[in-house]
Amino acid sequence: MTDLRHYDVIVSPAITEKSTMASEQNQVVFNVARKATKPEIKAAVEALFGVKVTAVNTLIRKGKVKRFRGTVGRQSDLKRAIVTLVDGQSIDVATGL
């Protein structure tokens with residue numbers, strides 16, 4: 001049985017042009033919770049997807065300032081995790097959990 005905290009750590013897969021290029025190097029990109037640590041992300045990916053993780057790199061993308069109907073708003077900051085998998089293993093992010 002998987003721990004429900006793992007679902008709080010991983011928010012969604014990040015499907016971008018850059019993450020598609022990274023999938024060729026055995027990497028998967030996820031949007032994760034802001035307070036999630038690298039060991040928590042590793043444990044969540046291994047438990048939810050049943051794969052072995054070799055490395056986790058994280059980055060925080062600062063939110064942009066956008067205008068909507070003349071008022072200035074700010075997008076929230078976003079934390080991403082680039083997860084490197086063991087050779088021969090893969091995650092199909094298109095299917096979801």
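A salt bridge is taken here as a side-chain nitrogen of Lys or Arg within 4 Å of a carboxyl oxygen of Asp or Glu. By this rule, R34, R74 and D77 are linked in a network of salt bridges. The structure is a predicted model. The count of salt bridges in it comes to 2.

The closest N and O atoms of R34 and D77 are 3.4 Å apart. This pair links distant parts of the chain. R34 sits in the loop between β2 and α3, and D77 in the loop between β5 and β6. The two residues are 43 residues apart. R34 is partly exposed, with a relative accessible area of 43%. D77 also meets the side chain of R74 in a salt bridge, at 3.5 Å from N to O. R74 counts as exposed because its relative accessibility is 55%, and exposed means over 50%.

The overall layout of the chain is as follows. The secondary structure comes to 3 helices and 6 strands. Along the sequence, the pattern reads α-β-α-β-α-β-β-β-β. The C-alpha trace spans about 50 × 30 × 25 Å along its principal axes. The protein chain has 97 residues, and 29% of them count as buried. It exposes about 6800 Å². Carbon and sulfur atoms supply 53% of that area. Among contacts with a separation of 6 or more, 59% are between residues 24 or more positions apart.

Four strands make up an open sheet. Their order is β1-β2-β6-β3, and the pairing is antiparallel. β1 (10-13) and β3 stand at the edges. Each has a single partner strand, so one side of each is left without a neighbour in the sheet. Neighbouring strands of the sheet are turned by 30° against each other on average, direction ignored. β1 and β2 pair in the antiparallel sense over 3 bridges. S12 stands opposite N31 in β2. Helix α3 lies across β1, β2, β3 and β6. It runs at about 120° to β3.

The nonpolar interior was examined next. In soluble globular proteins, nonpolar side chains tend to be buried together. Here the largest nonpolar core has 17 residues. Those that touch the most other members are I10, F30, I41, V45, V83, L85 and I91. The elements that give two or more residues to this core are β2, α3 (38-49), β3 (53-61) and β6 (78-85). The largest share, 4 residues, comes from α3. Leaving aside its neighbours within four places in sequence, V45 is in contact with I10, F30, G50, V51, V53, V83 and I91.

V9 is in helix α1 (residues 5-9). Its relative accessible area is 11%, so V9 is buried, the limit being under 20%. Beyond its neighbours within four places in sequence, V9 is in contact with V32, A33, A36, E40, I41 and A44. V9 and A43 are 34 residues apart in sequence. In space, their C-alpha atoms are 9.6 Å apart.

Two residues stand out by their backbone angles. Most residues other than glycine have a negative phi. N26 has a positive phi, near 65°, and is a residue other than glycine. R69 is not a glycine either, yet its phi is positive, at about 55°. Both lie in loops. The loop of N26 is between α2 (17-22) and β2 (27-32). That of R69 is between β4 (65-68) and β5 (71-74). Are these residues buried or exposed? N26 counts as buried, at 18% relative accessibility. R69 counts as exposed, at 78%.

Note on methods. Residues numbered from 1 in each chain as written. Predicted model: local features only at pLDDT ≥ 70, side-chain atom pairs only at ≥ 80, totals over all residues. Heavy atoms only, no water. Buried < 20%, exposed > 50% of the residue type's maximum accessible area, 1.4 Å probe, protein only. Core = buried A, V, L, I, M, F, W, Y, C linked by side-chain atoms within 4.5 Å. Contact = heavy atoms within 4.5 Å. Pairing = 2+ DSSP bridges. Axes fitted to C-alpha atoms, helices over the stretch in contact; angles between N-to-C directions. Areas by Shrake-Rupley, 256 points an atom, 1.4 Å probe, with all protein chains shown as cover.
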